[in-house]
Structures are given as structure tokens and as C-alpha cells.
Amino acid sequence: MVAVGGALRRRWAGLRRRVRQRGRSAVFRAARLAGATTAAYLVAQAFGLVDPPPLLAALTAMLVVQATAASTLTHGLQRVLSVVAGVVLAVGFVSVVGLNWWSLFILVAGSIVVGQLLRLGPYLIEVPISAMLVLGVGYASGAEAAALTRVMETLIGAAVGVLVNVLFPPAVGTRYAGQAVQRLAEEIAALLE
């Protein structure tokens with residue numbers, strides 16, 4: 001009975017320790033993501049991007065900030081390049097062809113090929129998404145204006161995301177590695193005893 005009580009106390013202490021460590025990390029991560037998202041939204045509004053609301057700037061900042069510190073610049077550049085490629089394709093496309101099922105197929109397929117040629121990795125899908133958004137919005141209100149707004153929002157969001165990662169770098173994943181190895185060694189020793 002005493003052994004069971006000791007094991008339960010050790011497990012409870014380990015659980016409390018993990019909650020304390022991960023809780024601080026979770027709050028810091030939430031603050032970084034929410035802060036970058038809000039900052040990009042406000043910066044885009046300050047540049048006059050208010051109608052429609054600059055949610056793309058906020059989304060871009062969130063996606064850039066969630067990347068690791070080492071890959072922040074790369075992810076930001078890939079995201080901007082993917083959006084610019086999609087916008088350019090859509091603007092060229094809308095001036096030649098209208099929006100229907102077969103033109104959508106050609107636009108998406110062409111966007112995927114361009115994204116692969118540009119080696120955009122995880123942002124490959126952003127090329128057809130950007131092209132479709134510009135084509136859809138541009139079909140009703142002029143593709144050139146929608147394209148410029150989308151590129152501006154993406155540039156603002158990427159810049160804010162990179163800046164947030166520079167000013168408030170993400171927590172290093174190995175911060176508690178030594179402590180984790182020590183705890184594992186203690187647990188294995190307790191099991192062997």
C-alpha cells in the first residue's frame with residue numbers, strides 16, 4: 001500500500017510539474033500568435049486596407065509566426081511568393097478568360113504547376129488559393145484592385161510575422177530536455193528498484 005501511495009505521489013508531482021512548464025509555454029505561444037495576428041490587422045488598417053477587413057494580413061502573420069525561428073524568413077518569403085504567383089496568374093487569366101468550370105480547372109492546375117516549379121513546399125497550395133480568391137473577387141469588382149490588396153495584405157502580414165519572431169522568438173524545444181532526461185532516468189531507476 002505504501003508503494004502505491006508513493007507511486008501516486010510521484011505521478012501527481014510529475015503531472016503538476018508538466019502543467020507548470022507547458023502552461024507557461026502555452027500562454028507565451030498564444031500571446032505571440034494572437035499579438036502578431038492583431039498587430040498585422042492593425043498595421044494593414046493603418047495602410048488604408050479596411051474594406052474588406054484585412055484578415056489576410058492577420059492570417060499571414062499567424063502562419064509566419066507559428067514557424068520556427070530558423071525558418072521564419074524562409075516561410076515568409078515562400079508565402080509572399082506563392083501569393084504573388086497566384087495573383088499574377090489570376091490577373092492574367094481574368095483578362096483573357098471568364099470564370100466557369102473549365103477555366104477554374106485550368107487555373108488551379110496551372111497554379112499547382114507554377115507552385116511546384118517555384119519549389120514553394122508547404123505553401124504550394126497558396127498559389128491556386130490566391131488565384132481563385134482574386135479571380136472570384138475580381139470577377140465582380142475588378143481583378144487588379146483585388147490582386148493589389150491581396151499582395152499588400154500578404155506583405156504586411158509576413159513582415160509583421162517575421163518582426164514578431166525576431167522580437168519574441170519562439171521557445172526552444174530543448175529548453176527542458178535535460179530535466180526530461182533526468183526525470184526519465186529517475187522513473188526507470190524507480191521501476192528497476
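Contact means heavy atoms within 4.5 Å. Keep that cut-off in mind for the exercises below. The model is predicted.

**Exercise 1. Describe the overall fold by its secondary structure and its contacts.**

Step 1. Count the elements. The protein has seven helices and zero strands.

Step 2. Read along the sequence. The pattern is α-α-α-α-α-α-α.

Step 3. Turn to burial. Of the 193 residues in the protein, 34% are buried.

Step 4. Residues 24 or more positions apart account for 74% of them.

Step 5. Finish with the surface. The accessible surface comes to about 11,800 Å². Carbon and sulfur atoms hold 72% of that area.

**Exercise 2. Find which residues valine 164 touches, leaving out those up to four places away in sequence.**

Step 1. Locate the residue. Valine 164 sits in helix α6.

Step 2. Decide: buried or exposed? The cut-off for buried is under 20% relative accessible area. Valine 164 has 12%, so this residue is buried.

Step 3. List the partners. Valine 164 touches Arg32, Ala36, Val65 and Pro169.

Step 4. Compare sequence with space. Valine 164 and leucine 33 are 131 residues apart in sequence. Their C-alpha atoms are 8.9 Å apart.

**Exercise 3. Work out which side of helix α4 is buried and which residues face away from it.**

Step 1. Take the dimensions. Helix α4 covers residues 101-117, which is 17 residues. From first C-alpha to last, α4 reaches 25 Å. That is close to the 24 Å expected at 1.5 Å a residue.

Step 2. Name the buried residues. They are Ser103, Leu107, Ser111 and Gly115.

Step 3. An α-helix has 3.6 residues a turn, so residues three or four places apart point the same way.

Step 4. Go to the face turned away from the buried side. The exposed residues there are Trp101, Phe105, Gln116 and Leu117.

**Exercise 4. Describe arginine 119, the residue with positive phi that follows α4.**

Step 1. Arginine 119 lies in the loop between α4 and α5.

Step 2. Check the backbone angle. Phi is near 55 degrees, a positive value in a residue other than glycine.

Step 3. Check the accessibility. Exposed means over 50% relative accessible area. Arginine 119 has 71%, so this residue is exposed.

**Exercise 5. Decide whether glutamate 126 is buried or exposed, and list its contacts.**

Step 1. Locate the residue. Glutamate 126 belongs to helix α5, residues 126-141.

Step 2. Apply the cut-off. At 11% relative accessibility, glutamate 126 counts as buried, because buried means under 20%.

Step 3. List the contacts, again not counting residues up to four places away in sequence. Glutamate 126 touches Arg79, Ser82, Val83 and Arg150.

**Exercise 6. Find which residues make the nonpolar surface patch and which helix gives the most to it.**

Step 1. Name the members. The patch is made by Phe28, Leu163, Val166, Leu167 and Phe168.

Step 2. Give its area. The patch is about 500 Å².

Step 3. Find the main contributor. Helix α6, residues 143-167, gives the most, with three residues.

Step 4. Leucine 167 lies in helix α6. Its relative accessible area is 55%, so leucine 167 is exposed.

Definitions and conventions. Residues are numbered from 1 along each chain as its sequence is written. This is a predicted model: local features need pLDDT of at least 70, side-chain atom pairs count only at pLDDT 80 or more; totals for chains, interfaces and linings use all residues. Side-chain values use heavy atoms; hydrogens and water are left out. Patches are made of residues with over 30% relative accessible area and no salt bridge: like charges are joined within 9 Å, nonpolar side chains (Val, Leu, Ile, Met, Phe, Trp, Tyr) within 5 Å. Accessible areas come from the Shrake-Rupley method with a 1.4 Å probe; for residues, only the protein chains shown count as cover. A salt bridge is a side-chain nitrogen of Lys or Arg within 4 Å of a carboxyl oxygen of Asp or Glu. Helices (H or I, at least four residues) and strands (E, at least two) are DSSP runs, numbered from the N terminus. Buried means under 20% relative accessible area, exposed over 50%, partly exposed in between (1.4 Å probe, protein chains only). The expected span of a helix is 1.5 Å times one less than its number of residues.
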